[in-house]
Structure formats: C-alpha cells, structure tokens
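Here are my notes on this model.

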Amino acid sequence: MDGGEPRQPCYPARVSADVPSPTQTPSMRIEHISIRNFRVFREVEVANIPAMAFFVGANGTGKSTLFDVFAFLRDALQDNVHVALTKRGGFAEVVSRGQSGPIEFEVKFREDGELVTYQLAIGMAKGRGIVEREILVSYRGHGPLHWLDFSHGTGYAVTADRIEEQKLDSPDILAIKGLGQFQRFKVVSSFRRLIERWHLSDFHIHAARPSQEVGYAEHLSPEGDNLALVTQYLYENHRERF
C-alpha cells in the first residue's frame, strides 16, 4: 500500500450503477486476504477462498492469528484502531517481531458479483495507533472506482453523484465506521455491514461435549459450548442447509 496524501480520483459522470439500495441485502463473500506485519504474519496472502474453507496446521503456525485478523477489524470498527490494539497488548505486541510497521490488511470480496477491495494500514503517532491509509475500491468494466481514500483522518468518499471531502474526529477512527452510517455512501455502508455481521467463535470440541440445557441459540458462543443448541436451531429452522 502506498502512503502519502489521499489521491484525487478520476470518475465517469455516473458512479452509482449496480450499488444495492438500502432495502437490499447484498450477497457478499470474501475471496482474498493479504496480511503484513500482524503478529506471526510478516507477509501472508490467502487467495481463492471458497465459501467454506478449512485451515489445518500445527500449533503455533497462525491459525488463531488468521481469525484474529477478522476480530481485530471488527473491534476497530466497533471502537477504534487504538482500542483494538490495546486489547491485544498494544502496537508493539501486535506488530510482527523485528518490524516497525505499518500493520497492513487487504480484503477482497464480491458484492453481488462485483469485486471490491479494502486496504488498511495502521501505524503509531504520539503513542496511539492511527490509520495511516484506508482505501475502498471496486472494479468494473471501465476500470477501478475509488469509493473512499483516507489518510490520518482526512480524505474523500464518493456518493451517487459527487465526491465529498471529509474529516474524521480522530485519526484512529476507521472511515468506514464514520461514513458507513450514512446511506449516501452506499458501497462504504455495505462493507461496514459485512464486518458488523461477522460472527467469530474459537471453537474447542471438548467444550461442546457436555450436554446442554434446554435453550435457544442461533450462533456459536465464542467458546463453542452451545453447539447442541445451535445444531437444533439449524435443524428446525434451516433444514435444507443443515
């Protein structure tokens, strides 16, 4: 990811085609993720991710770290980058050993068939984690469309008919958090909802073995100890998928 000031985009006159309306539920699936300087991952790329994927490896090879990437992004969205880092011991504990940063993520996903790329670079300034660069781009037949480009809390975002210069309250806030609340930034809002809907469980089989009391659960708990209840819910309410 290149640094520097946010770039001014070049767009066709119309940029809102095929963007889902607020009443639609977009179909999204992550296809690719790149990670740099995040814990044990100095540089890792996972491409061509299917709808259901299994990651197998010995202890200490990074399986839990991979899933913590998604948890980190969700924490950064719900609070801010500084809080997400602090929950994990601070920037020095999160950045890969021997590296000074920045911590970088790139997530590629499809929304109703359209490829969208989100890039995030995190650094430090005055003892706090900050967003060095945040970009959201979609790719169509006539080239890339930069829907969002921010650096150190300032940048621009694109609505249906214009480019808006914006300044966030703090450089540790994700632009997709601040702007994703407004439906005029529809692509940004869609990606924000994708992260908000992630449900993560660090599942351990021994926790699921005890019999569960009668109850109700749609999602696995973080420990996976309500597996029986979730299985019952799926069987009763989504039998074809079950």
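**Helix packing and pockets**

1. Helix 1 and helix 5 pack at an angle of about 120 degrees, and their axes lie 9 Å apart. Axes are lines fitted to C-alpha atoms over the stretch in contact, with angles from 0 to 180 degrees between N-to-C directions. Helices are DSSP runs (H or I, at least four residues; strands are E, at least two), numbered from the N terminus. The model is predicted: local features need pLDDT of at least 70, side-chain atom pairs 80 or more, while totals for chains, interfaces and linings use all residues. Residues are numbered from 1 along each chain as its sequence is written, and side-chain values use heavy atoms, without hydrogens and water.

2. The largest pocket has a volume of about 2,500 Å³. A pocket is an open set of points on a 1 Å grid where a 1.4 Å probe fits, with protein on both sides within 12 Å along at least five of seven lines; lining residues have an atom within 4 Å of a point. Of its 47 lining residues, Ala51, Phe67, His199, Leu200 and Ser201 are the closest to the centre.

3. Helix 1 gives the largest share of that pocket's lining, nine residues.

4. The second largest pocket has a volume of about 170 Å³. Strand 1, strand 2 (41–46) and strand 3 (103–111) each give two or more residues to its lining.

Conventions
Grid points are joined across faces, edges and corners, and a volume is the space filled by probe spheres set on the points.
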